[in-house]
Amino acid sequence: MRMGFASTNATSEVVHPVQEIQDNHMRTQRRTRKQMLRNIYGSHFPMQLQMEETILSQFQRAPGLQSSMLGLSTQMGLETEIEFEDYLNDPEFTEQQVDFHAAMEARLGDTPMKRFS
């Protein structure tokens, strides 16, 4: 409140209800599917699916190469849908140079050794 009401307007954004529905659609759909599988097969089946999704989400390529997460998208059933990201302006095909050694050190939390003086 020290900055007045203008500071709260900059941080708060009104979201249209349709946009909120679109943003939450996949989450709601997956929750409904897991509830249905829980009712049909028992509580172990959705837990098994969750474990598999967690394992598949951990696989990544080397830095600088986009990971397609093909196993995860297959597990979640997303490979059957064609989204606009699949054919328009895919960030995977952008041209950028990456220092692989520095990126791997940053990912692993490793710092380069300092030379003795």
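**Rings, bridges and patches**

Visitor: How many aromatic pairs does the count come to?
Guide: We're looking at a predicted model, where local features need pLDDT of at least 70 and side-chain atom pairs count only at pLDDT 80 or more, while totals for chains, interfaces and linings use all residues. Residues are numbered from 1 along each chain as its sequence is written, and side-chain values use heavy atoms, leaving out hydrogens and water. Rings of Phe, Tyr and Trp (its six-membered ring) pair if their centres lie within 6.5 Å, and the planes make them stacked under 30 degrees apart, edge-to-face over 60 and tilted for the rest. By this rule, the count is 1 aromatic pair.

Visitor: What kind of pair do Tyr41 and Phe45 make?
Guide: Their ring centres sit 5.2 Å apart. The planes meet at 50°, so the pair is tilted.

Visitor: How many helices does the protein have?
Guide: Helices (H or I, at least four residues) and strands (E, at least two) are DSSP runs, numbered from the N terminus. The elements run α-α-α-α-α from that end. With 0 strands, the secondary structure comes to 5 helices.

Visitor: Is Glu53 buried or exposed?
Guide: Buried means under 20% relative accessible area, exposed over 50%, and partly exposed in between (1.4 Å probe, protein chains only). Glu53 has 10% relative accessibility, so this residue counts as buried.

Visitor: Which residues do salt bridges join into one network?
Guide: A salt bridge needs a side-chain nitrogen of Lys or Arg within 4 Å of a carboxyl oxygen of Asp or Glu, and the structure holds 2. Glu53 pairs with Arg30, the closest N and O atoms being 2.3 Å apart, and this links helix 3 (residues 44–56) to helix 2 (residues 17–41). Glu53 also meets Lys34 at 3.7 Å, N to O. Through shared partners, the network takes in Arg30, Lys34 and Glu53.

Visitor: Which residues gather in a patch of negative charge?
Guide: Asp and Glu count as negative here. One member, Glu81, is partly exposed at 39% relative accessibility. The patch on the surface gathers Glu79, Glu81, Glu83, Glu85 and Asp86.

Key
Patches are made of residues with over 30% relative accessible area and no salt bridge: like charges are joined within 9 Å, nonpolar side chains (Val, Leu, Ile, Met, Phe, Trp, Tyr) within 5 Å. Accessible areas come from the Shrake-Rupley method with a 1.4 Å probe; for residues, only the protein chains shown count as cover. The place of a charge is taken as NZ of Lys, CZ of Arg, CG of Asp or CD of Glu.
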